[in-house]
Amino acid sequence: MIVSLRTRLFLAVVLPVTLVEILVLAFGQLRGDIIEGSLPLFVTAVGASWWFASREDRRMRRMADAALRMASGDFNIQLPDHRGDDVSRLAQSLNRLADASASTFHRLEAESRLVRSIIETMREGVMAVDQDGRITLVNDAMLRLTGHRGAAAGLSPAEVILAPELLQAIREVLEGNPVSREISVTRPLPATLLVNGAPLADGEGALAVVHDTTELHRLHQMRRDFVANVSHELRNPVATIQAAVETLASFTEETQAGDDERRLLATVSRQTARMAALVRDLLGLARIESGQLVLEPRTTDLGDLVPGIMAAFEAQARDKGLTLDLTVDSDTPPGLCDASALHTVIGNLLDNAVKYARPGDRISVHARLDGPARVAIEVSDTGPGIAEEHLPRLFERFYRVDAGRSRELGGTGLGLAIVKHLCAAMGGTVSVKSAVGTGTTFTVQLPADPEPPHN
């Protein structure tokens, strides 16, 4: 059959339009079916997501609350989360952190209570001040020393401390200067206080510890008075015994007494002389400690004074085969000291050196400049030396390195104690260096005259 051209054109236009419409209708029906079938699934998925998010949110909120409680000091928490996911592991870590923090907190709290108990029971006064100058810690002993009543935490030291001397010492500590000195106060009661203070680390304030040494000073004064009184009372009887021994010695010469009598008189004479020297040294030491010995510091030319002191030991040194040397540096300034006291100091040091030196040893005295406004006098020897363990106690009264030999040589055990106290009374110090077998060096440091006379 032959189809005309018009028919073929009609079919070419109409058939595609019909097919498109059919396809559109089909897809529209399919979309409606898809939407109708997917809506429940979508609602279910949204609900599940909301439920899961809410559950995780609650878990995270519990952890945040737990962290806030820990920050405020409440470590009694336990998060019940054992699902094994990342959030559970975080909860377990928080639980372990809470346990460890609780243990550390309780330990530190116990240590803090212990420290506070110790501080409260201390007889010494303790005061801690922060960097702003406010009191953070003070014990009852400190409040008794200051005379303050009531709470002191948060106040400034000036509001608590009545004694200006103690307040000044604590201010020095706050300025970063360690303090260790004895002060006398009159408020709230007359007292002698030993103040030790130091700044805290990182500039966080300062700590001061105050010892009340009033009773200790009173006991020391009683001891000094007792020694002075006893020595004074012994002086006359000892002098009388010495005179009687000398008289008996002259009688034995006239009556030609036997050897036994002579030895007995020699022993009595030697021991009486030793007792007289002991009484003399005790009296001298008591006068120095009590302040009865009034020193008169004056400009003293060491090049003139020291040779005269050494001259008194030349004969004794020559008899023992010792060599005496004196060196005075050309730049040595005059010393500002009491000539009589310095004579005693150098004389005691030379006396010890001559007594304990061995034949052939050398004893040297060296005067020199020792830094700004200081002079030093060194008395050294090449003798047997002193063991290191004896050096810290060498200036104690009656301390002897070799007690038997010291008594045999007539020593009283007070010479170096007198040297130490006289040096301190003149504003100076004395120190010692020694080694067994190589000798000993005593160094006396004294103030120099700030304005030496010009030629």
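# Reading a predicted chain, term by term

Me: How do you know what span to expect of helix α7 (residues 259-290)?

Reply: In this predicted model, helix α7 has 32 residues and reaches 46 Å from its first C-alpha to its last. The expected span of a helix is 1.5 Å times one less than its number of residues, and for α7 the expected value is 46 Å, to which the span found in the model is close. Just after the helix comes Gly291, which takes a positive phi of about 85 degrees.

Me: Why is Ile363 called buried?

Reply: The relative accessible area of Ile363 is 0%, and the cut-off for a buried residue is under 20%, so Ile363 counts as buried. Ile363 lies in strand β9 (residues 362-369), where, leaving aside residues up to four places away in sequence, it touches Leu322, Thr323, Leu324, Asp325, Leu350, Ala353, Val354, Ala357, Ser380 and Asp381. The C-alpha atoms of Ile363 and Thr441 are separated by 9.7 Å, although the two residues are 78 apart along the chain.

Me: What makes the pair Glu215 and Arg218 a salt bridge?

Reply: A salt bridge needs a side-chain nitrogen of Lys or Arg within 4 Å of a carboxyl oxygen of Asp or Glu, and the N to O distance between the side chains of Glu215 and Arg218 is 2.4 Å, so the pair qualifies. Being three residues apart in helix α6 (residues 214-255), Glu215 and Arg218 are separated by about one helical turn. An α-helix has 3.6 residues a turn, so residues three or four places apart point the same way. Glu215, at 42% relative accessibility, counts as partly exposed, and Arg218 is likewise partly exposed, with 42%.

Me: How do you know whether Asp351 and Lys355, which form a salt bridge, are buried or partly exposed?

Reply: The relative accessible area of Lys355 is 17%, whereas that of Asp351 is 22%. With buried meaning under 20% and exposed over 50%, Lys355 is therefore buried, and Asp351 is partly exposed. The closest N and O atoms of this pair are 3.1 Å apart, and the two residues, four apart in helix α10, are separated by about one helical turn.

Me: Which other salt bridges can be named, and how many does the structure hold?

Reply: The structure holds twelve salt bridges. One of them joins Glu172 and Arg181, with the closest N and O atoms 3.1 Å apart, and Arg181 counts as partly exposed at 30% relative accessibility. Arg368, Asp370 and Glu378 are linked in a network of salt bridges.

Me: What makes Ala448 a buried residue, and where is it placed?

Reply: Ala448 is found in the segment after β12 (439-447), and its relative accessible area of 7% is set against a cut-off of under 20%, so Ala448 counts as buried. Beyond its neighbours within four places in sequence, Ala448 is in contact with Pro333, Pro334, Gly335, Leu336, Ala373, Arg374 and Val375. Ala448 and Ala373 are 75 residues apart in sequence, and their C-alpha atoms are 4.8 Å apart in space. Ala373 belongs to the loop between β9 and β10 (374-381), and has a positive phi of about 60 degrees although it is not a glycine.

How values were computed: Residues are numbered from 1 along each chain as its sequence is written. This is a predicted model: local features need pLDDT of at least 70, side-chain atom pairs count only at pLDDT 80 or more; totals for chains, interfaces and linings use all residues. Side-chain values use heavy atoms; hydrogens and water are left out. Buried means under 20% relative accessible area, exposed over 50%, partly exposed in between (1.4 Å probe, protein chains only). Contact means heavy atoms within 4.5 Å.
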